[in-house]
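Subject: Structure for your review

Dear colleague,

Please find below the structure that I am handing over to you. My findings follow directly after it, and I would be grateful if you read them with the structure open.

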Number of protein chains: 2
Amino acid sequence: MTVVFVATGPDYDQDHFLAEVAGLDQAVFIGIDRGVSRLLEAGLPIELAIGDYDSVPLAVQWQAEAVAQHFIRLATDKDQTDTEAAIEWALNHYPDQAYYFYGIFGGRIDHELSNLWLAYQPQLQDKLIDMTFIGLSNRLKFYRPGTYQISPLPDYDYLSFIGLTSIKNLTLTGVKYELDQVDYPYPIALVSNEFISSDQDMRLSFSHGLLMAIQSRDAG
Amino acid sequence: MTVVFVATGPDYDQDHFLAEVAGLDQAVFIGIDRGVSRLLEAGLPIELAIGDYDSVPLAVQWQAEAVAQHFIRLATDKDQTDTEAAIEWALNHYPDQAYYFYGIFGGRIDHELSNLWLAYQPQLQDKLIDMTFIGLSNRLKFYRPGTYQISPLPDYDYLSFIGLTSIKNLTLTGVKYELDQVDYPYPIALVSNEFISSDQDMRLSFSHGLLMAIQSRDAG
């Protein structure tokens, strides 16, 4: 099963979203603030509606409260972001599932970065590998030290690796630009690598640090 | 004087850009790849046109070559990004000026992050304080340890501080949510703080680490 979070970022398109989630076997949907409107418009069942609803019309809030399995209204002034609160709830109710995030990119760069910066939070370290951030031309996953196979997504041309920390022994095989046990003393952005074949996985390994792998394509 | 870089990111609007640079005392303009088209369309003099021009029409390349003071064609396969090459050139020719970057946000998240990740590069550490990344609803600056005053921009509602590393002794005064010598063992995103007054500077200080300060507003 998959827990699908829909947040408020502008890098989101309803048709793209519906096409993506149609392919999921089973899913529960969590709407974050204005993301709740997106789920309501999509006609999807809402497991949790959560947010401070600062900029959400009252009619939408009432509708969400009526149809959502769970409805949580957060304070406007708070230490936690709405997205952090949504993840905390999900970790309590659906600890073992894959977490997909839509509406996570675009718009205010501080919001976008605060989403990516979740990867640094100690309480999320064990969950990172299950989290995928999805935009219209980007699909991002987080990796901790280990060895992984990554499959090419159809229609995504590029594969980038971006360190969130220093990285040790980074090895990339099955890609156009291979690496063999390279150390990076500061966070690096290795962009626009490519799979060597659209039907062959690549292999990633490293022994220290925290890394994002991003499959991306140029906007259509 | 200001060195104004125009890159290819979609978070860019020609009217917004022209209004911004109209306020500059003196400026030289550097077009990066498709950013060259933006400068040509704006009718601005081009000091440097640089890029691999992979996705730039030949007619635009010829026009840029004809009118730019300096024209550099980069290889398509290379270790450096076009933006890194542009900054390297600027550091050689205009080492002491303020650097403003437009077209730096939006679109492919790997491109956007590779721009922000410039802040980690050792050879740019002394230049960071002179660099400003500007989008339609964001204005981002980099800070190394020290004490700074930051002035509120008109029409920007929020002020966020995002650590690129661990941070020590972070102190914020003159803002809604103040801090007094707080340590953060891992990179944090402190979003949606606010100036206490639109005509009063705030004060930022910290003793260790690397920090971004972002003034932002909700999209209009």
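B:K127 lies in the loop that connects α5 (109–116) with β6 (131–134) of chain B. Please bear in mind throughout that this is a predicted model. Is B:K127 buried or exposed? With a relative accessible area of 5%, B:K127 falls under the 20% cut-off and is therefore buried. If neighbours within four places in sequence are set aside, the residues in contact with B:K127 are B:L91, B:P95, B:D96, B:Q97 and B:Y99.

One helix of chain B was examined for its length and its burial. Helix α4 of chain B comprises 12 residues, 82–93, and at 1.5 Å a residue it should span 16 Å. The C-alpha atoms at its ends are 17 Å apart, which agrees with that expectation. The buried residues in α4(B) include B:D82, B:T83, B:E84 and B:A85. B:A86, B:I87, B:W89 and B:A90 are buried in this helix as well.

I turn next to the strands of chain B. Strand β2 (residues 27–32) of chain B is mostly covered, with five of its six residues buried. Strand β1 (residues 2–6) of chain B pairs with β2(B) in the parallel sense, over five bridges. Within this pairing, B:V6 has B:G31 of β2(B) as its bridge partner. β2(B) also runs parallel to strand β3 (residues 48–51) of chain B, and three bridges join the two. Here B:I30 has B:L48 of β3(B) as its bridge partner.

β1(B), helix α1 (residues 14–22) of chain B and β2(B) form a right-handed β-α-β unit. A right-handed β-α-β unit is likewise made by β2(B), helix α2 (residues 35–42) of chain B and β3(B).

The corresponding elements of chain A are as follows. In strand β2 (residues 27–32) of chain A, five of the six residues are buried, so that the strand is mostly covered. Strand β1 (residues 2–6) of chain A is joined to β2(A) by five bridges, and the two run parallel. A:F5 has A:I30 of β2(A) as its bridge partner. β1(A), helix α1 (residues 14–22) of chain A and β2(A) make up a right-handed β-α-β unit. Between β2(A) and strand β3 (residues 48–51) of chain A there are three bridges, again with the strands parallel. In β3(A), A:L48 is the residue opposite A:I30. From β2(A) the chain passes through helix α2 (residues 35–42) of chain A to β3(A), in a right-handed β-α-β crossover.

Finally, the interface. Contacts are made between 36 residues of chain A and 36 residues of chain B. Of the interface residues of chain A, 100% are also interface residues in chain B, so the copies meet through the same surface. The two chains bury about 2800 Å² between them, with 64% of it on carbon and sulfur atoms. On the chain A side, A:R108, A:I109 and A:W117 lose the most area to chain B, together 25% of what that side buries.

Yours sincerely

How values were computed. Residues numbered from 1 in each chain as written. Chains lettered and ligands numbered in written order. Predicted model: local features only at pLDDT ≥ 70, side-chain atom pairs only at ≥ 80, totals over all residues. Heavy atoms only, no water. Helix = DSSP H or I, 4+ residues; strand = E, 2+ residues; numbered from the N terminus. Expected span 1.5 Å × (residues − 1). Buried < 20%, exposed > 50% of the residue type's maximum accessible area, 1.4 Å probe, protein only. Pairing = 2+ DSSP bridges. Right-handed = clockwise from strand over helix to strand, strands pointing away. Contact = heavy atoms within 4.5 Å. Buried area = accessible area lost by both parts, 1.4 Å probe.
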